[in-house]
Structure formats: structure tokens, C-alpha cells
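Good morning, and thank you for coming.

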Amino acid sequence: MKAYHFDQFKDFFEFQMHEKATARRGRKKTTLHQLAKKLGYNSASSLSMIAKGDRLPSQSLLEGLFEEWNITSGDRDRIRLQVEIEKRNRNGKNPIQLIAKLNQLTPYHKININQHLLIRDWYVLIIKILAGCPQFSEDPHVISQKLRKKITPLQAKKALELLVETGLLKKDPVTSKISPAIGHIETSHEISDEAIRENHKGMIKRAYEAIEEQSIKQRHYNSLSVQFDMKRMPQAKQKILDFVKQFNEEFNAEDANQIYQLNVQLFEHSNGGTNHDV
């Protein structure tokens, strides 16, 4: 996998540390401390924060990493743009122009601007599903009420416009009624994109709020803490994906008027030694 396929700098950094700083048998050839010294830093704190995803590199640090890892000139241009895109996302600024520029640079990995906007805000695709309900009203105020006032009428209006523009919703030529143009939508599972991360954050926040706002009859929460072999992560992910698809096939009801969310999270509690040395 080419390094510039990554949409999050943390993943690019981790990829290079694994590929160019680790021996074949998994032994460290270079630690963060050693890399920091090579780049002229007294400590590895900045690199540690980058490895954790807490900080993006400065321009000078980025160029130093390019030199240390012998990154090609074409890949450097792509990665510089991806860092700027991630910075804008983190600052709540629109990265559309930079995404368009990135798309012009590479034939290998296209970022669909409209898809980026569709996925980033948790409620957009929820409204797409809501539009398939029998009693759906496209009045933005009604949609806001329907979604427990978690969004404003203006957000609902813009989401509807985006869904129609991208072809996920269609208008009947006779009645002008809006309805879904396509069925189930599924994003990539192994790409760490800022928009996808923001979507997950939004869904997790809704789940957190539901603990207090909804009754036991309306919700169900379960958790499991288990001793887990990290080597079996690919099989575990596939098992979860299979369950989600089976759940959707069995419980998705096109004649229902309520929209529910099923969140499944699998993450590490303990430090299994997968982080880079600090």
C-alpha cells in the first residue's frame, strides 16, 4: 500500500515507522527517541503526539521526515496537501478546494468531495433513511423535531439539498415528493478519513445522550471486556461486519417510521505494546 493512500497523517507516520524503522522480525531499528535525534530535536514529545494523532507536523518537521524516509517528490506533494486538509478539518474549515487539488495530483486515490460532506455530519445520511419513511415530511422544522432537535432546521434544509444534489434522494416529477434514490449505503471499513471519524464521533455522542434521554424500552446497551489476541483482529472485524449485515437484513423495516442506530465498537483498554516507544 502506498503511503499517500492514507487520509490521516497519523496513519502515514505509523506506516513509515513500521516499514522503514522496523526489521523483518518486528524488532525496532529506530525508536521515536532516535528519530527525534536524527531530526535535531532534544526530545521525542512532538513525534509521540504525532504517533498518537494528537498533533500534526510543522512544515519543517514534515520536510525532515521526508528526507529521513526518502519520500518521493510526487508523494511529498500529496502528503503536504493531506496534512493541510486534515488541519482544516480539525479547525472546522472547509477543505473542498484542497481536496479538488489533491484529486488532480493522483490517479490512484480519489476523494469524492460530495461524499466527504455527506459522511462528515452524522445526520445527513440519517435524513436520507428518514426520507424513506411513509410519513416523511421534508419540512426542515419537522425534520429537526423528528431528530430530537439535535440539528437545526437550517442544517436539515442543507442536508436535503446535498442529498438531492448528489442523487441519493430524488424528486418525483409529478408530485415533487422526495424519496431515496438508492438503498443501503456502506462506506469503506479500513480507511481512516477525517469525515468518517467525525461521523463516528457524532454517532457515539448520540448514543451517550440516549442513556439519559431514552427509557429502557427504547434502547439497549451491552458491553464486553475480554482477554483478546490482537493477531485475531482481522477475524474479529469480519465477524462484526457479518453481524451488522445480518442484523440489517433481519430488522430493517421499510414501512417503519422510526430510525434507530446500532453502534458496535471494539477497542483496546490496555497498552498492548502497539504504540511506538516514547
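Predicted model: local features only at pLDDT ≥ 70, side-chain atom pairs only at ≥ 80, totals over all residues.

**Side-chain pairs and overall features**

Glu14 and Lys10 both belong to helix 1, which covers residues 9-20, and they stand four residues apart, about one turn of the helix. Helices here are DSSP runs of H or I with at least four residues, strands are runs of E with at least two, and both are numbered from the N terminus. Residues are numbered from 1 along each chain as its sequence is written, and side-chain values use heavy atoms, with hydrogens and water left out.

What joins the side chains of Glu14 and Lys10? They meet in a salt bridge, with 3.5 Å from N to O. The term requires a side-chain nitrogen of Lys or Arg within 4 Å of a carboxyl oxygen of Asp or Glu.

How many salt bridges does the structure hold? The number is 14. Another of them joins Lys87 and Glu84, at 3.7 Å from N to O. Both residues lie in helix 5, residues 73-90, and are three residues apart, about one turn of the helix. Lys87 is partly exposed at 28%, and Glu84 is partly exposed at 35%.

A further salt bridge, between Glu209 and Lys150, has an N to O distance of 3.0 Å. This pair links distant parts of the chain, 59 residues apart: Glu209 is in helix 11 (residues 194-213), whereas Lys150 is in the loop between helix 9 (140-146) and helix 10 (153-165). Is Glu209 buried or exposed? Glu209 is buried, with a relative accessible area of 17%, whereas Lys150 is partly exposed at 25%. Both residues belong to a network of salt bridges that links Lys150, Arg206, Glu209 and Glu213.

Helix 11 itself has 20 residues and reaches 28 Å from its first C-alpha to its last, close to the 28 Å expected at 1.5 Å a residue. That expected span is 1.5 Å times one less than the number of residues. Among the buried residues of helix 11 are Glu194, Ile196, Met203, Arg206 and Glu209.

I turn now to the aromatic residues. Rings of Phe, Tyr and Trp (its six-membered ring) pair if their centres lie within 6.5 Å; planes under 30 degrees apart count as stacked, over 60 as edge-to-face and the rest as tilted. By this rule the count comes to six aromatic pairs. The rings of Phe9 and Phe12 have centres 5.2 Å apart and planes at 50°, so they form a tilted pair. These two residues both lie in helix 1, three residues apart. Phe9 is buried at 4% relative accessible area, and Phe12 is buried at 2%. Together with Phe13 and Trp69, they form one aromatic cluster.

Phe247 and Phe251 both lie in helix 12, residues 233-251, four residues apart. Phe247 is partly exposed, with a relative accessible area of 32%. Which nonpolar residues make a surface patch of about 500 Å²? They are Phe243, Val244, Phe247, Phe251, Leu262 and Val264. Such patches consist of residues with over 30% relative accessible area and no salt bridge; like charges are joined within 9 Å, and nonpolar side chains (Val, Leu, Ile, Met, Phe, Trp, Tyr) within 5 Å. Leu262 is found in the segment after helix 12 and is partly exposed, at 39%.

Finally, the chain as a whole. Its secondary structure comes to 12 helices and two strands, and from the N terminus the elements run α-α-α-α-α-α-α-α-α-α-β-β-α-α. Of its 278 residues, 33% count as buried. The protein chain exposes about 18700 Å², of which carbon and sulfur atoms supply 50%; accessible areas come from the Shrake-Rupley method with a 1.4 Å probe, and for residues only the protein chains shown count as cover.

Notes:
Buried < 20%, exposed > 50% of the residue type's maximum accessible area, 1.4 Å probe, protein only.
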